[in-house]
Amino acid sequence: SEDVLSKDAGECAICLEELQQGDTIARLPCLCIYHKGQVFLRMHVKFQKVAFISCIDEWFEVNRSCPEHPSD
């Protein structure tokens, strides 16, 4: 289900960016949470690169299980 994060919750296991209060998240049946929709990914400042990724949306294009609980 889609939700808005009410407090900081550590690192997203897919993009490795912090899950911060106010982020749109997907909460899986196993209760793991990941970014939902486009997420700003900070790249190395020296190269001044930025990217946008979709975390769980992109994951589910090729996988049908939780990244942290693949046997569920």
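The stops below cover salt bridges, then cysteines.

This is a predicted model, so local features need pLDDT of at least 70 and side-chain atom pairs count only at pLDDT 80 or more, while totals for chains, interfaces and linings use all residues. Residues are numbered from 1 along each chain as its sequence is written, and side-chain values use heavy atoms, with hydrogens and water left out.

**Salt bridges**

How many salt bridges does the structure hold? There are 2. The term means a side-chain nitrogen of Lys or Arg within 4 Å of a carboxyl oxygen of Asp or Glu.

Select D3 and R27. Their closest N and O atoms are 3.1 Å apart. D3 sits in strand β1 (residues 2-4) and R27 in strand β2 (residues 24-27), so the bridge ties together parts 24 residues apart in sequence. Strands (E, at least two residues) and helices (H or I, at least four) are DSSP runs, numbered from the N terminus.

Next, select K36 and D57. This salt bridge spans 2.8 Å, N to O. K36 is in the loop between β3 (33-35) and β4 (39-42), and D57 is in helix α1 (residues 56-62), so the pair links parts 21 residues apart in sequence.

**Cysteines**

Now select C12. Is C12 buried or exposed? C12 is buried, at 0% relative accessibility. Buried means under 20% relative accessible area, exposed over 50%, partly exposed in between (1.4 Å probe, protein chains only).

A whole-structure search finds 0 disulfides, a disulfide being a pair of cysteine sulfur atoms within 2.5 Å. From C12, the nearest cysteine sulfur is that of C15, 3.9 Å away. Move to C15: its nearest is the sulfur of C55, at 3.5 Å. C15 is buried too, at 11%.
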